[in-house]
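Hi,

Here's the structure I said I'd pass along. Have a look at it first, and then read on for what turned up.

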4 protein chains.
Amino acid sequence: MFDKFHDECGIFGIHNHPEASNMTYLGLYALQHRGQESVGIASSDGARLQLTRAMGYVADAFDEDKLKALAGPFAIGHVRYSTSGDSGLKNAQPFLIDCAHGEIAICHNGNLVNAQELREGLVARGSIFQTTSDTEVLLHLYARSKAATVEDALVEAVSQVRGAFSLILLTKDSVITVRDPHGFRPLVIGRLGDAWIACSETCALDLIGASYERDVEPGEMFIAGPNGTRSIKPFPPAPLSHCIFEHVYFARPDSQVFGESVNEVRTELGRVLARETAIEADTVVPVPDSGVCAALGYAEESGLPFNMGLIRNHYVGRTFIEPRQSIRHFGVRVKLNPVRSLLAGKRVVLVDDSIVRGTTSRKLVRMIKAAGAREVHLRISCPPTISPCFYGVDTPRRSELIAATHSLEEIRTYLEADTLAYLSLDGLLSAVSDRRGSYCTSCYTGQYPIVSPRDEQAYLQLALKLDK
Amino acid sequence: MFDKFHDECGIFGIHNHPEASNMTYLGLYALQHRGQESVGIASSDGARLQLTRAMGYVADAFDEDKLKALAGPFAIGHVRYSTSGDSGLKNAQPFLIDCAHGEIAICHNGNLVNAQELREGLVARGSIFQTTSDTEVLLHLYARSKAATVEDALVEAVSQVRGAFSLILLTKDSVITVRDPHGFRPLVIGRLGDAWIACSETCALDLIGASYERDVEPGEMFIAGPNGTRSIKPFPPAPLSHCIFEHVYFARPDSQVFGESVNEVRTELGRVLARETAIEADTVVPVPDSGVCAALGYAEESGLPFNMGLIRNHYVGRTFIEPRQSIRHFGVRVKLNPVRSLLAGKRVVLVDDSIVRGTTSRKLVRMIKAAGAREVHLRISCPPTISPCFYGVDTPRRSELIAATHSLEEIRTYLEADTLAYLSLDGLLSAVSDRRGSYCTSCYTGQYPIVSPRDEQAYLQLALKLDK
Amino acid sequence: MFDKFHDECGIFGIHNHPEASNMTYLGLYALQHRGQESVGIASSDGARLQLTRAMGYVADAFDEDKLKALAGPFAIGHVRYSTSGDSGLKNAQPFLIDCAHGEIAICHNGNLVNAQELREGLVARGSIFQTTSDTEVLLHLYARSKAATVEDALVEAVSQVRGAFSLILLTKDSVITVRDPHGFRPLVIGRLGDAWIACSETCALDLIGASYERDVEPGEMFIAGPNGTRSIKPFPPAPLSHCIFEHVYFARPDSQVFGESVNEVRTELGRVLARETAIEADTVVPVPDSGVCAALGYAEESGLPFNMGLIRNHYVGRTFIEPRQSIRHFGVRVKLNPVRSLLAGKRVVLVDDSIVRGTTSRKLVRMIKAAGAREVHLRISCPPTISPCFYGVDTPRRSELIAATHSLEEIRTYLEADTLAYLSLDGLLSAVSDRRGSYCTSCYTGQYPIVSPRDEQAYLQLALKLDK
Amino acid sequence: MFDKFHDECGIFGIHNHPEASNMTYLGLYALQHRGQESVGIASSDGARLQLTRAMGYVADAFDEDKLKALAGPFAIGHVRYSTSGDSGLKNAQPFLIDCAHGEIAICHNGNLVNAQELREGLVARGSIFQTTSDTEVLLHLYARSKAATVEDALVEAVSQVRGAFSLILLTKDSVITVRDPHGFRPLVIGRLGDAWIACSETCALDLIGASYERDVEPGEMFIAGPNGTRSIKPFPPAPLSHCIFEHVYFARPDSQVFGESVNEVRTELGRVLARETAIEADTVVPVPDSGVCAALGYAEESGLPFNMGLIRNHYVGRTFIEPRQSIRHFGVRVKLNPVRSLLAGKRVVLVDDSIVRGTTSRKLVRMIKAAGAREVHLRISCPPTISPCFYGVDTPRRSELIAATHSLEEIRTYLEADTLAYLSLDGLLSAVSDRRGSYCTSCYTGQYPIVSPRDEQAYLQLALKLDK
């Protein structure tokens with residue numbers, strides 16, 4: 001509904017738990033913010049795999065009967081975001097296939113930049129594709145591997161793909177976790193009694209009462225199988241490229257991501273933002289919920305009072321029947337309502353995490369002014385977003401990114417803000433402390449850690465072609 | 001899901017708008033927090049009335065076809081909360097009847113304390129009841145009135161009932177608003193172009209871009225009809241008894257209620273709470289969302305840092321499939337997750353708006369301690385709740401209210417908090433400024449502004465009997 | 001979907017069965033042909049009544065949970081046909097009310113001709129109406145009765161209404177069955193172990209394995225209560241007026257109605273029709289399923305071979321998405337397909353039970369000719385339908401009845417049949433053997449056994465007004 | 001619900017019609033009797049293919065929006081029967097893939113007897129399987145073909161499979177129809193204006209007003225493409241093996257199948273049955289609807305009167321909530337009810353098309369006797385069914401076929417019939433006139449026209465393994 005980048009998926013897997021599918025269901029519920037379009041769970045009873053996928057939210061898609069049918073102590077699951085309603089169930093994960101190495105199911109968070117080349121090669125060699133997902137490429141490579149074991153075949157397949165991938169796979173008796181050598185997307189390991197868990201964020205561990213053990217290391221393959229767990233690092237090392245946008249916006253603030261508390265990082269972003277972009281004002285107001293942490297940091301650092309000047313409606317549905325006689329700011333008002341008593345006559349520092357096209361920000365600024373604010377100073381807790389992402393984030397084309405094509409002053413004028421300021425890239429990196437250099441900042445810099453084999457235009461046209 | 005008192009309804013009406021039912025749908029959406037069980041809209045095209053009611057949320061219950069079928073420039077609507085799933089559609093409002101005064105539809109927020117006596121009398125005189133709602137009594141009194149006009153008949157009917165009632169009624173060409181002389185429940189008037197609006201809270205006016213005109217006065221009947229609007233005050237005056245719990249918990253913080261900003265009052269409650277119950281601590285953490293305003297006030301007054309130490313999951317469904325192997329704190333964790341980095345090693349002031357049975361608070365305190373908090377100091381932004389409400393609020397029996405039967409120290413021990421403190425009644429009243437004396441505080445004092453014709457026990461048994 | 005008169009309801013009640021609501025569900029399923037719009041069941045556990053109503057078919061509307069919630073050994077149920085989708089759940093039966101005589105639920109098959117007068121009187125005396133159903137009038141009369149017992153009050157209420165009514169009522173411990181003195185609509189009594197059953201047709205007894213005991217007599221009130229069963233005849237006797245259309249079309253052929261086998265009567269209609277309207281032809285073809293029995297009789301009597309020349313699609317849904325490029329005879333073809341090999345080159349006697357507007361018959365004749373039939377001789381197993389029914393049958397206005405406004409030859413020309421012949425009234429009555437004089441034939445004669453207090457035009461306008 | 005063999009699918013395709021998907025929807029509706037579990041339609045606008053699949057009936061699965069989304073003048077569709085609810089959408093057709101030859105969608109009616117061998121070979125060469133359907137094998141063979149054109153690749157793929165297959169395929173601009181050289185399953189060609197149609201039975205042509213042109217010949221590939229239509233016969237000829245069960249039970253009586261009228265054949269089966277198995281009796285009663293044609297033939301030949309002694313309930317749902325207190329013959333009674341007046345005291349010839357396990361027949365015989373029949377003489381219009389089918393028919397294992405393991409007298413005793421007789425194989429073949437030798441009768445003889453590469457036991461175990 002809002003003008004944001006979107007993470008494309010959340011993944012979860014559990015090995016050796018008597019209620020594996022129920023735990024997966026709960027884990028996916030905790031990861032729902034990473035994908036709301038479709039959800040799926042695959043389970044194994046040690047012999048055969050079962051799969052259920054559905055459109056919609058986790059809590060709506062599964063009932064007790066469906067979970068009961070997903071029997072066995074091993075399970076993996078996936079929530080997916082998609083801009084395209086058409087793509088529907090076809091591309092919903094997990095995928096489950098039968099092949100020379102037996103049955104296997106896969107959940108993938110990320111994006112393979114050489115998927116199209118590989119696909120073309122596979123197609124030429126007689127492979128058939130039933131989805132438009134890059135993940136299907138991996139399955140074909142795996143199936144065609146002559147390696148003797150599941151692990152070796154998987155290593156062989158993964159070695160051929162490039163890009164961002166946090167993977168959780170399910171065979172009849174194992175849950176296998178793989179993270180790309182760059183470590184683009186988060187992936188953590190947890191424990192619950194005798195069970196091992198892998199998932200996108202620690203908040204999924206919290207919900208089921210599991211302990212956080214450690215991150216899956218970039219380039220690591222972690223196997224929980226019938227003979228316990230093993231870890232191997234079969235892929236050549238690569239420069240770290242953690243997605244900094246996970247800290248800026250994607251992850252839940254109660255998660256640990258890339259070894260740091262999201263809430264702490266996000267609050268520090270606000271503090272640095274206040275230092276970098278100080279202005280005389282009366283109150284700091286967040287755009288809920290994503291701007292809350294940074295606004296608290298901003299308020300703390302600036303000494304200005306923090307106020308919930310925008311109230312979120314918690315019953316937001318998918319669509320609204322708008323009257324023909326249009327309502328001013330309807331698009332944002334249906335989700336957020338200004339608190340007049342907190343805004344009237346005030347000089348407001350409005351803190352948001354990011355701006356994509358600027359359409360929502362413009363409506364927000366106008367609505368806050370209509371509620372009586374004397375001045376609105378928009379503060380963004382990351383640098384201007386100027387480049388699309390090719391590593392598993394849903395972004396519009398470069399031409400739609402307002403900061404890619406307009407100057408700061410042009411943006412400010414368009415947004416009708418009194419002032420506008422972004423966090424600097426240095427400021428952003430300073431908030432993630434000692435890990436400087438380990439983050440991917442390509443959306444702010446246009447410098448991509450992995451060069452896509454084709455140029456952007458071709459890539460985006462492909463996406464268009466595939467996503468029928 | 002949580003351990004709270006609940007408002008029983010939200011109401012909305014609009015007169016003379018070309019898209020009356022669509023506006024009502026949006027107004028009810030903004031009032032959804034006042035009732036999530038059922039929703040209904042009645043409209044009139046000037047000649048005949050139409051009605052649609054459904055279980056569930058506003059956004060799910062109506063689509064474009066249903067709104068189109070609710071034709072005409074006059075409409076009223078209702079959202080309802082109920083503890084009893086069984087009661088279902090039967091008691092969903094609006095009610096729509098045909099009688100000697102023509103067709104009329106009614107929406108009621110409140111509770112009539114003499115409904116049972118009146119019902120017994122009416123039944124004895126041959127009336128039939130199709131619901132277990134006290135509102136149906138009003139319709140019978142209205143239908144039996146020999147008065148010559150709709151208004152006179154309505155005055156005659158309303159004059160016989162006692163209790164809390166904010167009413168919006170729809171005839172073929174008028175929208176009539178009535179508020180009981182005590183002014184228990186909120187009711188405001190707004191304008192949008194040539195249309196007049198009545199609704200429970202101003203946030204509904206905000207969403208449709210209408211202006212807030214004024215509150216319906218206690219004892220006022222406001223008629224928007226074919227000849228414009230008129231206001232009469234046909235009922236004997238009574239001591240004001242605004243429900244103070246609207247400020248404490250029910251209303252949305254972006255609303256004006258009883259002439260004051262809910263956010264402002266609620267923040268002031270936090271400030272007074274800080275002055276009354278100061279303690280040495282490291283951070284102030286709200287129970288979201290209801291405790292946020294008071295926690296901000298508490299933090300401001302105490303100088304302690306405010307932190308979102310509990311993160312709310314925004315995808316909470318109605319039910320969850322819990323594993324057989326129970327998960328600790330599952331009931332609250334599915335809705336709230338602690339942010340370990342903000343709590344670990346900290347002395348936490350946890351601010352909530354109220355405690356009913358204490359079951360949720362106990363789980364919250366335990367969960368926060370399990371996340372590493374060194375101390376948890378629970379602060380409640382209203383006095384101990386010791387008495388049930390008979391004026392339109394869903395409350396458990398007295399015996400289930402923990403503060404009615406236990407000392408402060410007993411409650412603290414049960415909740416496993418290091419300290420526990422409530423706001424004083426004086427402190428509560430001080431936050432609503434110059435209106436001291438105009439509020440009903442019976443849930444804190446047990447002193448009821450209207451004595452129920454029967455004692456509590458009988459009343460509650462009746463409720464049980466009626467609510468089959 | 002087809003051009004027929006429609007029975008307006010089927011009713012069922014059972015007293016003293018451990019699974020009363022489940023039996024009622026099955027009974028209603030067997031009576032589904034009498035009403036497909038809505039279905040409802042009320043049950044009593046001896047103390048309180050429960051009610052569930054829903055739109056749609058019996059098999060779709062109830063599941064195990066819903067039946068389990070309808071607890072107790074006493075239950076009644078209703079299936080309803082309605083031309084108006086708008087009327088919806090509001091008018092779905094049973095109705096359940098609380099009144100001076102306690103809780104009572106009612107199911108009604110029929111129509112009260114003086115309902116509007118009574119309603120006006122009741123309204124004037126202060127009654128409120130929540131439906132547009134004539135049945136609600138009965139409840140008000142019952143509630144207003146000063147009689148000391150449920151039975152007496154019911155007798156008093158029923159004594160005031162005129163028209164067609166087969167009623168089954170449920171109190172907390174009794175199932176009461178009432179049939180109007182004219183005996184318009186069918187109503188039978190059955191037994192199953194210790195349980196007593198009342199229902200519209202014997203096919204409902206068959207399904208649950210109950211035995212058919214006897215018909216409820218015209219003017220009888222049959223009470224199955226805590227002290228066993230009793231029968232009283234409190235109403236003044238009246239000339240018998242069994243609805244002959246039950247035999248012609250409404251009832252299931254496997255039922256006994258008015259003491260005779262529907263199949264036998266219907267087959268005899270075909271035999272008489274053959275004698276009265278013989279023609280040289282090659283084959284007798286029924287319009288399935290309603291014309292099958294008569295066609296078999298026709299074939300038997302005429303010596304012509306019987307053939308299923310039209311095949312019914314058993315998966316007919318409520319609506320079909322018709323292409324813009326219209327398909328010839330689509331409306332009938334979607335339900336019936338001609339068997340070319342049986343029709344090509346043949347002189348076909350097409351047997352149907354009745355013609356209302358003639359629109360479907362015209363399409364059928366055309367479709368059969370397009371399938372190659374040399375001649376189509378349409379034979380109708382009842383006389384021309386010239387008058388609407390006021391006794392519980394859904395009929396169009398007189399002006400829409402093709403036989404009311406056109407000559408036989410005009411109808412034949414319109415239908416494009418080579419010949420057209422109806423059964424004579426005498427022929428019709430001869431098929432119901434010794435009961436000549438006991439049937440209502442007003443739809444064929446315009447002579448009504450009960451004169452409506454208002455003229456037809458007024459009546460139909462009323463229907464229009466009520467059925468908003 | 002009943003104890004029958006089941007056809008596994010119905011297929012439909014249309015080329016060059018402005019409303020191709022709507023026509024396909026209607027065609028599938030007419031073929032609904034061939035598969036009720038799932039339905040799917042794929043369409044092409046000349047460039048890209050679209051696919052929608054759903055569980056359930058055609059009329060429920062599609063609405064106007066879904067058909068509109070299936071744009072373009074080319075479309076194919078499929079209805080599927082399955083015993084296993086678990087298999088669900090995964091195996092629903094059409095399948096749609098992208099491969100070296102571009103996008104292609106496929107609908108298959110039949111069964112490939114060497115699918116497992118081919119699958120194993122493909123898997124060994126690196127193919128991945130996403131379904132358990134034999135049809136997927138064909139797609140892999142097609143994708144791996146090095147042939148230069150779509151047609152050549154298809155010929156190459158089809159040449160490798162053995163068994164029963166009527167195929168309709170969709171490419172971006174062509175609809176290609178293929179029938180196996182044995183001609184196991186029916187497949188016809190029709191025309192509607194400028195459009196070409198292929199479908200399983202002529203009844204689908206009838207519904208949309210298309211003309212029947214001819215059958216697709218065994219071994220023929222018929223291509224409707226941008227340059228008009230072409231027919232090739234690239235496969236080596238094989239002995240004809242039309243499935244005789246299509247005439248006995250599967251096809252709709254209003255269809256032409258294998259060049260003959262199903263109704264005519266089925267009626268003739270009844271006539272021959274009467275000659276072969278004459279008995280003194282009073283009435284001939286069919287088991288509706290499948291026994292009606294044969295019963296009419298039997299009655300005609302025997303001179304006994306034909307009567308609809310069993311009435312079918314037209315509102316049969318998927319499941320029924322059966323009371324704990326079991327009802328006699330509930331399983332059949334919920335679908336069929338005996339007409340006592342036609343059966344009581346009578347010697348009944350009960351005509352059914354086939355017996356599989358005998359469970360339903362036994363209940364029917366008992367129910368008819370309970371309705372008063374003096375004698376029941378069961379007559380079956382085909383020979384004893386002793387072998388399972390491997391050519392696209394859903395049959396139980398041999399051990400469950402009552403006639404495979406019991407003598408005629410044992411079966412009669414089990415069924416509690418007074419006499420029992422089957423049609424002879426010669427009698428059966430005589431009814432299909434001049435085509436003697438062209439039919440597959442393996443279910444009656446155990447002589448299979450294509451020997452399965454593996455023995456039955458292995459085959460059935462495979463089916464079990466695949467059909468997870």
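A quick definition before the counts: a polar contact is a pair of N or O atoms within 3.5 Å, and within protein one of them must be able to donate a hydrogen and the other to accept it. Keep in mind too that this is a predicted model.

**Chains C and D**

With that definition, 26 residue pairs are in polar contact between chain C and chain D, counting pairs with both residues at pLDDT 80 or more. On the chain C side, helix α1 (residues 20-30) gives the largest share of what touches chain D, namely six residues. Sorted by type, the chain C residues that touch chain D come out as 30 nonpolar, 15 polar and 12 charged.

As for the interface as a whole, 57 residues of chain C are in contact with 57 residues of chain D. Together the two chains bury about 4,800 Å², and 60% of that is on carbon and sulfur atoms. Three residues stand out here: Tyr29(C), Tyr315(C) and Ile321(C) supply 17% of the area that chain C buries against chain D, more than any other three residues.

There are also two salt bridges across the interface of chain C and chain D. Arg324(C) forms one with Glu19(D), where the closest N and O atoms are 3.9 Å apart.

**The two domains of chain A**

Chain A splits into domain 1 (6-241) and domain 2 (261-316 + 328-434). Their C-alpha centres lie 34 Å apart, and the contact takes 11 residues from domain 1 and five residues from domain 2.

What holds for the area and the pairings? About 710 Å² is buried between these two domains of chain A, with carbon and sulfur atoms giving 53%. The salt bridge count across this interface is zero, while three residue pairs are in polar contact (both at pLDDT 80 or more). On the domain 1 side, β1 (6-7) and β7 (102-112) are the elements that give two or more residues. The domain 1 residues touching domain 2 divide into four nonpolar, four polar and three charged.

**One residue to look at: Glu322(B)**

Glu322(B) sits in the loop between β19 (310-312) and α11 (330-333) of chain B. Is Glu322(B) buried, exposed or partly exposed? Its relative accessible area is 41%, so Glu322(B) counts as partly exposed. Beyond its neighbours within four places in sequence, Glu322(B) is in contact with Asn22(A), Ile327(B) and Phe330(B). The C-alpha atom of Glu322(B) is 10.0 Å from that of Val334(B), 12 residues away along the chain.

Cheers

Key: Residues are numbered from 1 along each chain as its sequence is written. Chains are lettered from A and ligands numbered from 1 in the order in which they are written. This is a predicted model: local features need pLDDT of at least 70, side-chain atom pairs count only at pLDDT 80 or more; totals for chains, interfaces and linings use all residues. Side-chain values use heavy atoms; hydrogens and water are left out. Helices (H or I, at least four residues) and strands (E, at least two) are DSSP runs, numbered from the N terminus. Buried means under 20% relative accessible area, exposed over 50%, partly exposed in between (1.4 Å probe, protein chains only). Contact means heavy atoms within 4.5 Å. Buried area is the accessible area (1.4 Å probe) that two parts lose on being put together, summed over both. A salt bridge is a side-chain nitrogen of Lys or Arg within 4 Å of a carboxyl oxygen of Asp or Glu. A polar contact is a pair of N or O atoms within 3.5 Å; within protein, one must be able to donate a hydrogen and the other to accept it, and residues adjacent in sequence count only if both atoms are side-chain atoms. Ala, Val, Leu, Ile, Met, Phe, Trp, Tyr, Cys and Pro count as nonpolar, Asp, Glu, Lys and Arg as charged, and the others, Gly among them, as polar. Domain bounds come from an automatic or database domain assignment.
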